[in-house]
Amino acid sequence: MSRIPSLALAVASAFALVAGTAVAAAAAPEPPSAAPAAEARVDPVAWTPCNPDPTKPDPGIYDCAVYPVPLDYADPSGEKIGIAMMRRRAGDPSKRIGSLFLNPGGPGGSGYLWATTSRFGPDVQARFDLVGFDPRGVARSNPLKCFTTDEEASAVTDRQVGVPVTKAEIDGTLAATQDYTDACERNAGPLIEHMSTENVVRDLDRMRRAVGDKQLSFAGFSYGTLIGATYANMYPDKVRALIIDGNVDPNLRLHNGLEYDRQRAGGFELALDEYLKRCKTAGAPRCAFGDGDTRAKFDAIRDHLRTSPVTLPDGTKVTLSSFTSQVANALYAQTRQAPLAKSLQALHEVLQQQGAPSLAAPKAADDANALAVTVPTALREALPETPYSADDSYYGVNCQDKPYPSNPRVFANVARAWEKESPTFGRYQAFDAPACATWPAPARDVERYTGPWNRRTANPVMVIGNLYDPATQYKFAQNMQRQLGSAVLVSVDVIEHCAVGRSTELNKLVTDYLVNKAVPAPGQLLKPDAEAFPPVA
């Protein structure tokens, strides 16, 4: 779901441990979506002990594997690809319940090292094997690659502007995007036709059987909530416990990519407005940007950048693209929001002193430098040893799941309309998906799951939504809960993307649900453990 990366690259040796090259092992045919009582047999996972961070002593509790799955489920006995998996063995084997599969979102997010996550409490770690995996086409699992070298990629992507405003910027960005999708058609190979979430879910169910679990326990975050919702409806009788946090609207996403993205821009705007209000309420020094009218100050900065960059005292330039990406990035996590306030205040002071050369540069101007660095527009993780050290799974999945118009100029037209209702993020979001207009294997041409979404699952689904989630607005979580056949929504009052691990109250409910299958009472509104602007000591 995210244009903002949230996962660090693994150390090189961990990558090398389970490089996702094609696997030639045989596998049983895939059962139909409505799995029969007697399931088709699959080969078990061949786990090997591994150390997730070889720079540190081996804790002796992790195993790794590359599990073969069909490239094309229409030809289950044909070519295989490898899914890289890591598990943290249950701390108390005598009380082990099964495996808890994890996906961090993206699409394109690497879930492999999520086996090491501390988001879940000790009772969950004691009773479950935590299983992280890279979905097909991601990182170590046969990464989908549109380029052969980093230099080749840079020659294209460096011509793209994140938030293009002028005709020259728009034309140049769309031309570079066409070159990008042309490169994908040349280099990506047959995998590009099999990247939809439906295929990821088929892989997940095969892995569920391969670890010996009769039903699935799963936690999916952001885009991972679509994996969870799709699984719930393709294999409803196989749901043991399914947590989805930071939810998409599955029906809208799979039927109207443009409208989904327009509403997503509105979610960022809602989160920003609440951030500025809470900053003003906290005031300075708790929120460094809190003096005066925070909304007016912010809008003045953005509107200035729309016409020209701001040159900082050291010569660094803050552009509309770098500014917008950094603001969006900070809204994803409370820990980034106080630092953002310092940067905004520093940039405000620089602008105030423009035209007044006799004034000294503000002491805090260095804080504004953070706003001059553009955050990458998509999660792209792959083996760092390869000539092209990224992957293109973000678009590989999005362009197959979300239907878009085939005319790239549509995105320039909607940008003008969207920025009227979402002045900070409308144009930013409009230029997230032009690649899907010319993608070699678009949604209209591939097999993908589009519903129904209301099949009743063996056990209810736990849906979690933050009131001010920027990337997947709260309305999406409400829609997810309504669309699913059996689900309960738990809400958290916070400006952040996803909530598990951020609230002790929430984690108690999560633990009880996973361990005991205790469904939370509906209508709960919880608080996070931390504040964005804590009192100054």
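This report describes the fold, the sheet and selected backbone features of a predicted model.

## Basis of the model

The model is predicted: local features need pLDDT of at least 70, side-chain atom pairs count only at pLDDT 80 or more, and totals for chains, interfaces and linings use all residues. Residues are numbered from 1 along each chain as its sequence is written, and side-chain values use heavy atoms, with hydrogens and water left out.

## Overall composition

The chain contains 16 helices and 12 strands; these are DSSP runs numbered from the N terminus, with helices (H or I) of at least four residues and strands (E) of at least two. Of its 537 residues, 59% count as buried, where buried means under 20% relative accessible area, exposed over 50%, and partly exposed in between (1.4 Å probe, protein chains only).

The accessible surface of the chain comes to about 20,000 Å², and 53% of this belongs to carbon and sulfur atoms. Such areas come from the Shrake-Rupley method with a 1.4 Å probe; for residues, only the protein chains shown count as cover. Among contacts (heavy atoms within 4.5 Å) between residues at least 6 apart in sequence, 77% join residues at least 24 apart.

Strands S4 (residues 98-103) and S5 (residues 128-133) run parallel and are joined by five bridges. Glycine 98 has phenylalanine 128 in S5 as its bridge partner.

## Cis peptide bonds

The bond from glycine 106 to proline 107 is cis, with omega near -10°. Proline 107 is placed in the loop between S4 and helix H2 (122-127). A cis bond also links alanine 284 to proline 285, with omega near 5°; proline 285 is found in the loop between helices H8 (257-282) and H9 (294-307).

Cysteine 498, a residue other than glycine, has a positive phi near 80°. Cysteine 498 is in the loop between S11 and H16 and is buried, with a relative accessible area of 5%.

Lysine 517 likewise has a positive phi, of about 60°, although it is not a glycine. Lysine 517 is in the loop between H16 and S12 and is partly exposed, at 39% relative accessible area.

Notes
Two strands pair if DSSP finds at least two bridges between them.
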